[in-house]
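Open the model in your viewer and keep the sequence panel beside it. Each stop below says what to select and what is there.

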Amino acid sequence: IEDPAIFALTHHNAFEALLAPAALMALRGGHIVRFLVDWMYLELPFAGGLLRHGQPIPVYRKAARWRWRESLRREGLRGAPPAERALRALADGTSIGIYPEGRRNADPWTLAPIRRGAAELALRSGAPLIPIGIRFPARERLGRLPRLGRMILSVGEPLTSAELRLSAASVEPCNASVKLRIARHHAADLSHALVESLAHLAHKSICS
């Protein structure tokens, strides 16, 4: 898969948050994939150093667990929003990684609700959206997700937004409200396609 692309992964635990980005970049011959990462992970002594090798894009949404670190979060919030930084990376030809569930999902059988950020980035950038379902074979034996263990990355077919972007662009500029509604509708369609693909790849059901 050529750069730039948007890799959208299912997300389960902290072990996977370290290993999956490294595995993905190794499989791509060392090509950087800049993951959107919770800023507090980057402050961890060992794990943070490993994550920073992938040139991550920090997300400062969550408040600091320790009040004395809140100043660091406020400083980060003064910079460009993560979505804008991701779009710049894509424009520069660098792929990004994102966890569209928005959090660690410990449910071994069901996807968490998917946020539209990945679809919106794809629509705004024109980059293909690549679904990756992560599976732990030990799940079947344990009946739950293991904390450590063998991990399988199942890569799905690229979801492209080119046709959606063309239909949105065909609306007259004066109809800004119509254009916004179309963009939202297209983001919902692309997110739905992403949900179905991730559920299939991760062998999970879709939450109702």
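A salt bridge here is a side-chain nitrogen of Lys or Arg within 4 Å of a carboxyl oxygen of Asp or Glu. By this rule there are three salt bridges. The model is predicted, so local features need pLDDT of at least 70 and side-chain atom pairs count only at pLDDT 80 or more, while totals for chains, interfaces and linings use all residues. Residues are numbered from 1 along each chain as its sequence is written, and side-chain values use heavy atoms, with hydrogens and water left out.

**Stop 1: the salt bridges**

Select Arg28 and Asp3. Their side chains form a salt bridge, with 2.7 Å from N to O. Arg28 sits in the loop between α1 (14–27) and β2 (33–38), and Asp3 in the segment before β1 (6–9), so the pair ties together parts that are 25 residues apart in sequence. Helices (H or I, at least four residues) and strands (E, at least two) are DSSP runs, numbered from the N terminus.

Are these two residues buried or exposed? Arg28 is buried, with a relative accessible area of 14%, and Asp3 is partly exposed, at 29%. Buried means under 20% relative accessible area, exposed over 50%, and partly exposed in between (1.4 Å probe, protein chains only).

Next select Arg124 and Glu84, whose side chains meet in a salt bridge at 3.1 Å, N to O. Arg124 belongs to helix α5 (residues 117–125) and Glu84 to helix α4 (residues 82–91), so this pair links parts that are 40 residues apart in sequence. Glu84 is partly exposed, with a relative accessible area of 30%.

Then select Arg139 and Glu140, which form a salt bridge at 2.8 Å, N to O. Arg139 is buried, with a relative accessible area of 6%.

**Stop 2: the sheet**

Now show the strands. Six of them make an open sheet in the order β3-β2-β4-β1-β6-β7, with mixed pairing. Two strands pair if DSSP finds at least two bridges between them. At the edges are β3 (57–59) and β7 (152–155), each pairing on one side only. From one strand to the next, the twist averages 25 degrees.

Select β1 and strand β6 (residues 129–135): they run parallel and are joined by four bridges. Which residue of β6 is the bridge partner of Ala8? The partner is Pro131.

**Stop 3: the helix on the sheet**

Finally, select α1. Axes are lines fitted to C-alpha atoms, for helices over the stretch in contact, and angles run from 0 to 180 degrees between N-to-C directions.
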